[in-house]
Amino acid sequence: MKKTAQKTMKNIIEGHGLSFLYQHFDEDGKVDFAQTALDGVDLEVEPGQFIAILGHNGSGKSTLARQLNALLLPSEGTLYVDGYDTRDESNLWNIRQSAGMVFQNPDNQIIASVVEEDVGFGPENMGIPTEDIWVRVEKALRSVGMWKMRSSSPNRLSGGQKQRVAIAGVIAMKPKCIVLDEPTAMLDPGGRAEVIRTVHELNRTEGVTVILITHYMEEVVDADRVIVMDQGKVVLTGTPKEIFSQVELLRKHRLDVPQVTLLAYELKQKGLDLPDGILSPEELLQNLDTLCGQRKQCDTETALQDTAQAADETARVVHKELRKSHTDEGRTEQIRIEHLNYIYDPGTAYERTALDDISLTIHNGEFIGIIGHTGSGKSTLIQHLNGLNRASSGRLLFSGEDIYSEGYPMRALRFKVGLVFQYPEHQLFESDVLKDVCFGPKNQGLSEEEALARAREAMRSVGLDESFEKKSPFDLSGGQKRRAAIAGILAMDPEVLVLDEPTAGLDPKGRDEILDLLKSLHEERNITIILVSHSMEDVANYVSRIIVMDEGRILYDDVPEKVFIHVKELESVGLAAPRVTYIMDALRRDSWDVDASVTTIAQARDEILRALGR
Amino acid sequence: MLKDITIGQYYPGNSIIHKLDPRVKLMGTLVFIVTLFAFGSVGSYICATIALAIVITLSRVPLSFILRGLKAIFVLMVITALFNLFLTPGTVICRFWVLKITAEGLRMTIHMAFRLTYLIVGSSIMTLTTTPNQLTDGLETGLRAFNKIHVPVHEVAMMMSIALRFIPILMDETDKIMRAQEARGADFASGGIIKKAKALVPMLVPLFVSAFRRANDLALAMEARGYHGGAGRTKMKPLIYHRRDYVSYVIMIVYVAVMFVLWRYVKLQLPIPGLK
């Protein structure tokens, strides 16, 4: 590529006063809609740095990312990428080669039907000679650990693998900087870890500058610098430690802090003398140990406390038993599954057992979490609950009736067991939100007025007021769309609500809002809720019973405390325990007298305080 | 339903036929079909059968797999055959009720059946042994001459390969959306044609929205990776002729010659009474 006006600069990225206005023009060419997405952003990135950009959905971080690749140009201000001014069109291809970009959706950025050909796409566009393309493709695929899969079809890869291919596709263009725009938002925890590990390795070994946009706080702790954005502005910048010291402020910007940091923060609130911004379990452990360096002196006190503790212990056991009995008794049986099997494409070469001898009972008013890695059969299982899938063998009873018996009203079952699919907002189709929410009730055969009344009630209960009724569902924000879609199911007034990863892709605040919504639905309407999730923390915080699936079988079915004790087994099937459980386990191994089966931050806080005798 | 269609499917393998240059295979298929129609005679069908048998054996694609592709057009073939059989004028050889079968009709039917079957089988072998990508590459290079008359050959080929990549994704998506709407009580199966068409709205709107979103994402991703049309682009897997490809071309020429000779000079007749 020909050399054009390239300035020599210390920084690989240098932007001053960057502003960007999204404008929509009507037929006469007048602006009928304008929104400031970036507002006076200054950005300086040195070569080789690992920068993380945090911000809630719609904070302007994706707009900023697109500026770095000259996919969008600043309305005001200047931006130099590798010394090239992005506003100068003759620099365009140089900039795109210098700053590669990885997007959120793994499917939508893979162009070719074979892995290696996709990685070769960038170099092909750059006009690299054929032999050199092959060298680059091999190197790039090896650097992300995907060389073995080079001749596979992208459709056969997991989400994490697809994103690694996308990263390789960028690496093959030999960029100085990679911009990753929420590369992990659509992945399961295993895939997320894969991608983040790969990115860190590239940063370390190849010295590639990384700009990672995310709303998973845990992915950010190893960054050199964190930038927090809100309303198109940079509101905070600093090291992860500095940033995560400001728990309250982050919450104000709809963000969050890592679990360890949160635990430390909570302990500090309770008067423990801990430093701000603790980022790793080791750090917390060390601090707690020094705190209780007086522990040796505490020993006598501890002896005194022992009796009190023993009493405490029994109380806790009793408490747990109560919780358990709460789920089992005093409630009527709602769904019973007996020896259910499901085989995909029976009799063909693609035959695969998706569910293998599943038996379980669900009671009225339970709040259940189903966890399992991608492909463990959890989605297949929940689609049996409303009869969308028909079991190959076995029985499924709803309120005591066999749904596979002759003449069972299968369609009526759909209204009793409301199923919210993953990314339910993708199923919105009506011209306004109210009509869309009415779709279910109308299919139920309700009259216009009844359907409207139901729809309005459902919209209120998900927190969408009257002003949303006439809006197009496509004009809502991500979180609002999701709530509108959930309202569409709630309006059918189901007895059981099943949700497949309802928080996927939402920012921390959006995630909490949805989960709190479920909690209140459960408490106020006494709906049975079945929550499929990848997040152990979400499950631990909200549900009272966990079903763990692996390879079409039920591995565990118990209260969270008893499920998460099996850390090793969970890890061997690609899952994990909540992060606090690990922290408590580490404390215990460090001879702290704490209960390691703790699964939520609040429990952990209380346990540590108790162990410290406070 | 869609799984039954083998045309356009790829059967992974490593045979000599798989390895041939896609341009050779495209040309070969064209030659095979043209000769089949231009030089149709009993002798040339025998020759075509032998050629087809050799190619199928070499390709190591199971015959049953190839024949499955015929199922999809079986109805079409039966209708064509019936029309030919009953509606061709000529020497009547037998007669039911108002229908009569003529010698010419019978001859025509047999010819047509041979041609259609061989056309499908012949093109199936090409698609079964060539990846969609190779196929588009072959078309792109093979049709490069049309660039001169301003046919955007590269762009069309790029669109074809993107379409091929996204068909399975959109099929999955359709299934997912249908299920999600069924979970809301949508009924795609019952009712008259108007009700059925109306019922499709909740599926089609999200599908189109999703397709546009994907198209938008993909366009961004392609731009971000420096795509700016066919100009100045190099190829990772350029098509290069090997010895086997040249040999294939020679075989093709010989095949055409043999077909011509058989059709022109070898007068084999179908054993149908009354046929001149």
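1. A residue counts as exposed when its relative accessible area is over 50%. B:H150, at 73% relative accessibility, is therefore exposed. The model is predicted, and what follows should be read with that in mind. B:H150 is placed in the loop between α6 and α7 (153–183) of chain B. Its phi is near 60 degrees, a positive value in a residue other than glycine.

2. A:Q231 belongs to the loop between β9 (225–230) and β10 (233–238) of chain A, and is exposed, with a relative accessible area of 65%. As background, most residues other than glycine have a negative phi.

3. Within chain B, ring pairs tie B:F32, B:Y45, B:F114, B:Y118 and B:Y255 into a cluster. B:R23 lies over the face of B:Y241, 4.0 Å from the ring centre. The charged end of B:R165 is placed over the ring of B:F166, at 5.2 Å from the centre of that ring.

4. How are helices α2 and α10 of chain B oriented to each other? Their axes come within 10 Å and cross at roughly 0 degrees, so α2(B) and α10(B) are roughly parallel. On the α2(B) side the contact is made by B:R23, B:V24, B:M27, B:G28, B:V31, B:F32, B:T35, B:L36 and B:A38. On the α10(B) side the residues are B:D245, B:S248, B:Y249, B:M252, B:Y255, B:V256, B:M259 and B:W263. By class, the contact has twelve nonpolar, three polar and two charged residues. B:F32 and B:Y255, both listed in this contact, are also members of the ring cluster in point 4.

5. Helix α2 (residues 22–38) of chain B also packs against helix α6 (residues 132–142) of chain B, at an angle of about 80 degrees and with the axes 8 Å apart. The two helices are therefore roughly perpendicular to each other. From α2(B), residues B:P22, B:R23 and B:L26 meet B:Q134, B:L135, B:G138, B:L139, B:T141 and B:G142 of α6(B). The residues of this contact divide into four nonpolar, four polar and one charged. B:R23 takes part here and in the contact with α10(B), besides lying over the face of B:Y241.

6. A:Q67 is a polar residue in helix α1 (residues 61–68) of chain A. Is A:Q67 buried or exposed? At 0% relative accessibility, A:Q67 counts as buried. Leaving aside residues up to four places away in sequence, A:Q67 touches A:F20, A:L38, A:L72, A:L73, A:P74, A:L79 and A:T86.

7. A:E450 is found in helix α16 (residues 448–461) of chain A. With a relative accessible area of 43%, A:E450 is partly exposed. Its C-alpha atom is separated by 13 Å from that of A:L434, 16 residues apart along the chain.

Technical notes. Residues numbered from 1 in each chain as written. Chains lettered and ligands numbered in written order. Predicted model: local features only at pLDDT ≥ 70, side-chain atom pairs only at ≥ 80, totals over all residues. Heavy atoms only, no water. Phe/Tyr/Trp six-rings, centres within 6.5 Å; stacked < 30°, edge-to-face > 60°. Lys NZ or Arg CZ within 6 Å of the ring centre and 35° of its normal. Axes fitted to C-alpha atoms, helices over the stretch in contact; angles between N-to-C directions. Helix = DSSP H or I, 4+ residues; strand = E, 2+ residues; numbered from the N terminus. Parallel < 35°, antiparallel > 145°, perpendicular 65-115°, else oblique. Contact = heavy atoms within 4.5 Å. Buried < 20%, exposed > 50% of the residue type's maximum accessible area, 1.4 Å probe, protein only.
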